[in-house]
Every structure is written in structure tokens, then in C-alpha cells.
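Please consider the structure shown below. The paragraphs that follow lead through its sheet, its salt bridges and a pair of packed helices.

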Amino acid sequence: KLTIEISTDTVAAIDRRYWSFAGDTLHLSSPALLPVPTDLTDGQVLAHAIASALARRVLREALQKSDIPLVWQPITQGMSWSLTWGWDGSSLPSVWRYDLERQLSRTVQSAAPRLNDVAANRSAPVQKAIWPTEWVRIKAAETVIAYIMHTYGRQQMSALTNGISRHTSWETLVPAVFGVTASEFETGWQAYLLARYGNSSE
């Protein structure tokens with residue numbers, strides 16, 4: 001049983017603390033205080049906020065029950081971000097988020113990222129160096145999640161969550177979860193990434 005409390009605390013809303021859990025009580029900022037697209041009703045905003053909070057909690061509980069290899073840490077963080085932010089594919093207004101997108105766009109325009117650039121592969125420091133900061137790498141990992149949902153459907157997220165607990169490389173994970181080679185998957189993701197961030201102007 002979950003209790004939901006809606007707050008009119010403007011300070012919390014400004015600080016981007018849209019929701020938080022205290023035991024089995026979910027605290028939400030009033031939809032009237034949130035910077036969201038104007039074509040959404042308060043009811044839609046509230047429903048989205050509740051769904052995002054519950055999805056984030058379920059994901060955290062699922063990951064805690066699984067022995068996830070360290071290599072997938074950016075991917076699990078990307079999952080978390082994709083569940084926390086976004087209104088029908090667009091980001092909530094946030095200077096920090098926009099800056100990450102600008103940095104990701106510059107990176108994508110200078111070189112096509114590889115899947116191994118996203119994984120936390122300690123044996124490949126050159127690959128990791130493609131990202132200006134770790135936050136940008138997590139933002140890139142979020143685009144992998146967005147690509148999966150766009151191409152294979154949201155229902156594949158459960159299979160992905162199970163898969164990353166059993167595999168330690170894209171070469172074995174991708175065929176097992178998506179039925180294509182890692183190279184095919186990477187090509188599709190790169191095209192998705194370039195279409196979304198490759199032609200951005202500053």
C-alpha cells in the first residue's frame with residue numbers, strides 16, 4: 001500500500017526534487033509547480049510523475065536483487081535517468097541536462113561512439129577518453145536505453161535487466177536479448193544517435 005502526498009513546496013520544485021520516497025509514502029510536487037510542456041494537463045503530469053517514481057523504485061529493487069557486473073554501471077544509470085526524466089521523449093527544462101546534451105552533441109559530431117565506449121571497461125582507457133566527463137557517458141548510455149525502447153519496445157527492458165546480470169560484454173548480451181549481432185545493434189544505435197544529436201547547432 002502506497003500513500004501519495006502532493007506538496008506545494010516551491011523550493012523543492014525549484015530544486016528539481018519532483019518526487020521522493022519516505023518509506024511507503026511518495027511525496028510529489030504539485031503539477032502546477034513543475035516546468036513541463038504546456039500541452040499536458042495537470043492530470044497527465046501527475047500520472048507521469050507517479051509512474052516515473054514507481055518505475056525508478058522497481059528498477060532499483062530489481063537491480064539490488066541481481067548481481068550486475070561493474071561493466072554495466074553506466075547502463076543501469078542510463079536506465080534510471082530514462083525513468084526519471086523525459087516527457088514523451090523530451091527533457092525537462094534543466095540547464096545541467098541541456099549542457100550534457102550539448103557536450104554529447106559535440107562528441108557525436110567529432111567521432112562515432114562505440115558501444116564499448118559506453119560500458120565501464122577499465123581495460124580500455126582510450127575508449128573511455130571519448131567522453132569529456134562521466135556524466136556525458138551516462139547521458140550516452142541513456143540514449144542506448146532510448147534506442148532500445150524506440151526500436152525493440154519498452155517490453156524489452158525486462159529482458160535487458162535480466163541479461164546484464166548474466167553477461168559481461170555486448171557481444172554476448174545483444175544476441176541473447178535482441179536476437180541480432182552486437183555489430184548490427186551498434187550500427188542502429190549510432191544512426192539513432194547521429195539523427196538526434198549529430199546535427200545539433202550551438
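Phe 21 has Leu 26, a residue of strand β3, as its bridge partner. Strands β2 and β3 (residues 25-29) run antiparallel to each other and are joined by four bridges; two strands count as paired if DSSP finds at least two bridges between them. Helices (H or I, at least four residues) and strands (E, at least two) are DSSP runs, numbered from the N terminus. The model is predicted, so that local features need pLDDT of at least 70 and side-chain atom pairs count only at pLDDT 80 or more, while totals for chains, interfaces and linings use all residues. Residues are numbered from 1 along each chain as its sequence is written, and side-chain values use heavy atoms, without hydrogens and water.

The open sheet has three strands in the order β1-β3-β2, and their pairing is mixed. Its edges are formed by β1 (3-7) and β2 (19-22), each of which pairs on one side only. From one strand to the next, the twist averages 20°. Helix α2 (residues 42-65) packs on this sheet and touches β1, β2 and β3, where contact means heavy atoms within 4.5 Å. The direction of α2 makes about 50° with that of β2.

The salt bridges come next. Side chains of opposite charge can pair when their charged atoms come close. The structure holds six salt bridges, each defined as a side-chain nitrogen of Lys or Arg within 4 Å of a carboxyl oxygen of Asp or Glu. One of them joins Lys 139 to Glu 101, with the closest N and O atoms 3.6 Å apart. Because Lys 139 belongs to helix α7 (residues 134-152) and Glu 101 to helix α4 (residues 95-110), this pair ties together parts that are 38 residues apart in sequence. Lys 139 is buried at 3% relative accessible area, and Glu 101 is buried at 19%; buried means under 20%, exposed over 50% and partly exposed in between (1.4 Å probe, protein chains only). Lys 139 also forms a salt bridge with Glu 142, at 3.1 Å between the closest N and O atoms.

Finally, helices α8 (residues 156-163) and α9 (residues 170-178) have axes that come within 10 Å and cross at roughly 145°. Such axes are lines fitted to C-alpha atoms, for helices over the stretch in contact, and angles run from 0 to 180 degrees between N-to-C directions. The contact involves Gln 156, Ala 159, Leu 160 and Gly 163 of α8 together with Leu 173, Val 177 and Phe 178 of α9.
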